[in-house]
Amino acid sequence: MTEMHCHFCGGVIPNGAKVKYLPPRVTAQVAPAHPDPCSCSPPIVYEHSPLDPDEGETAP
Ligand SMILES: [Zn+2]
């Protein structure tokens, strides 16, 4: 239902993918989300993005 976006490349993380969760960093670079699939191995997600206060609410 809620799409997850890789914070490294901004791509969509497929359901069931093994995501690597990292603690948030002030210096973290978060790529803008886009509709293309993520091709990272593994996808990177920051637990609490400082740039994304609306976590959990992702536009389609
Ligand atoms: Zn990615």
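**Briefing on a predicted model**

Proline 43 sits in the loop that runs between S3 and S4. The model described here is a predicted one. The points below begin with the chain as a whole and then treat single residues in turn.

**The chain as a whole**

- The protein chain contains four strands and zero helices.
- Read from the N terminus, its elements follow the order β-β-β-β.
- The chain has 60 residues, of which 10% count as buried.

- Proline 43 is buried because 23 other C-beta atoms lie within 10 Å, and a residue counts as buried at 20 or more.
- Proline 43 and cysteine 6 are 37 residues apart along the chain, yet their C-alpha atoms are separated by 5.5 Å.
- When residues up to four places away in sequence are not counted, proline 43 touches Cys6, Ile13, Ala17, Val19, Lys20 and Cys38.

**Proline 42 and its peptide bond**

- Proline 42 also belongs to the loop between S3 and S4.
- The peptide bond leading from serine 41 to proline 42 is cis, and its omega is near 0°.

**Isoleucine 13 in strand S2**

- Isoleucine 13 is part of strand S2, which covers residues 12-13.
- Isoleucine 13 has 21 other C-beta atoms within 10 Å and is therefore buried.
- Between isoleucine 13 and glutamate 3 there are 10 residues of sequence separation, while the C-alpha to C-alpha distance is 7.4 Å.
- Apart from neighbours within four places in sequence, isoleucine 13 is in contact with Met4, His5, Cys6, Val19, Cys38 and Pro43.

**Aspartate 36 in the loop between S3 and S4**

- Aspartate 36 is located in the loop that links strand S3 (20-22) with strand S4 (44-46).
- Is aspartate 36 buried or exposed? Aspartate 36 counts as exposed because it has 10 C-beta neighbours inside 10 Å, and the limit for an exposed residue is 12 or fewer.
- The C-alpha atoms of aspartate 36 and histidine 5 are 9.5 Å from each other, although the two residues are 31 residues apart along the chain.
- With neighbours within four places in sequence left aside, aspartate 36 is in contact with Gly11 and Val12.

Definitions and conventions:
Residues numbered from 1 in each chain as written. Predicted model: local features only at pLDDT ≥ 70, side-chain atom pairs only at ≥ 80, totals over all residues. Helix = DSSP H or I, 4+ residues; strand = E, 2+ residues; numbered from the N terminus. Contact = placed C-beta atoms within 7 Å.
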